[in-house]
Amino acid sequence: MHTLNIYPPPSEPTVQFKATSYQVKESDGAMDAILVRSGDLSQRTTVTCYTRQDSALVEKDFLERPRTMQSQVTFESGESSKTCSVVIIDDNAYERLNYFRLVLGDISVGSSVGTVNKTIVEIVDDEDSMY
């Protein structure tokens, strides 16, 4: 008698942001959003991590990550965590509240973007405050 073991296939790789929001000081000069990958980690996965302006403006408050190949983040086999970095511009002008969004899209075939597919980045102005 032979025993046949049937194992379920590995779940498809899923990439999402680790947090729904981040806070960065304007004087920090950059911020890193953490991306996490779960499921089958045996294959290479690419995802585009791009910016969308809100009250923070491109080229005034941060440098754009366009929705193009230059903004791709690549997970090699076995990797479960990567960063998506954005340059923050310190403009020496006091601004009460500035924020922009980071969005995930254009993921490799056979992979999916998780439920935390966007995150808000708040830029805290550390100039002399008006409070």
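Arg101 forms a salt bridge with Asp54, with the closest N and O atoms 2.8 Å apart, where a salt bridge is a side-chain nitrogen of Lys or Arg within 4 Å of a carboxyl oxygen of Asp or Glu. Arg101 lies in strand S7 and Asp54 in the loop between S4 and S5, so the pair ties together parts that are 47 residues apart in sequence; helices (H or I, at least four residues) and strands (E, at least two) are DSSP runs, numbered from the N terminus. This is a predicted model, in which local features need pLDDT of at least 70 and side-chain atom pairs count only at pLDDT 80 or more, while totals for chains, interfaces and linings use all residues. Residues are numbered from 1 along each chain as its sequence is written, and side-chain values use heavy atoms, with hydrogens and water left out.

**Salt bridges**

- A search of the whole structure finds five salt bridges, and side chains of opposite charge can pair when their charged atoms come close.
- Arg44 and Glu76 meet through their side chains in a salt bridge, at 3.2 Å from N to O. Arg44 lies in the loop between strand S3 (30–38) and strand S4 (45–53), and Glu76 in the loop between strand S5 (72–75) and strand S6 (81–87), so this pair ties together parts that are 32 residues apart in sequence.
- A salt bridge also joins the side chains of Lys60 and Asp91, at 3.8 Å from N to O. This pair links distant parts of the chain, with Lys60 in the loop between S4 and S5 and Asp91 in the loop between S6 and S7, 31 residues apart.

**Accessibility of the paired residues**

- Arg44 is exposed, with a relative accessible area of 53%, whereas Glu76 counts as partly exposed at 37% relative accessibility.
- Lys60 is partly exposed, with a relative accessible area of 39%, and Asp91 counts as partly exposed at 24% relative accessibility.

**Ser111 and its surroundings**

- Ser111 is placed in the loop between strand S7 (98–105) and strand S8 (112–113), and at 13% relative accessibility Ser111 counts as buried.
- Leaving aside residues up to four places away in sequence, Ser111 touches Glu12, Pro13 and Thr45, a contact meaning heavy atoms within 4.5 Å.

Conventions:
Buried means under 20% relative accessible area, exposed over 50%, partly exposed in between (1.4 Å probe, protein chains only).
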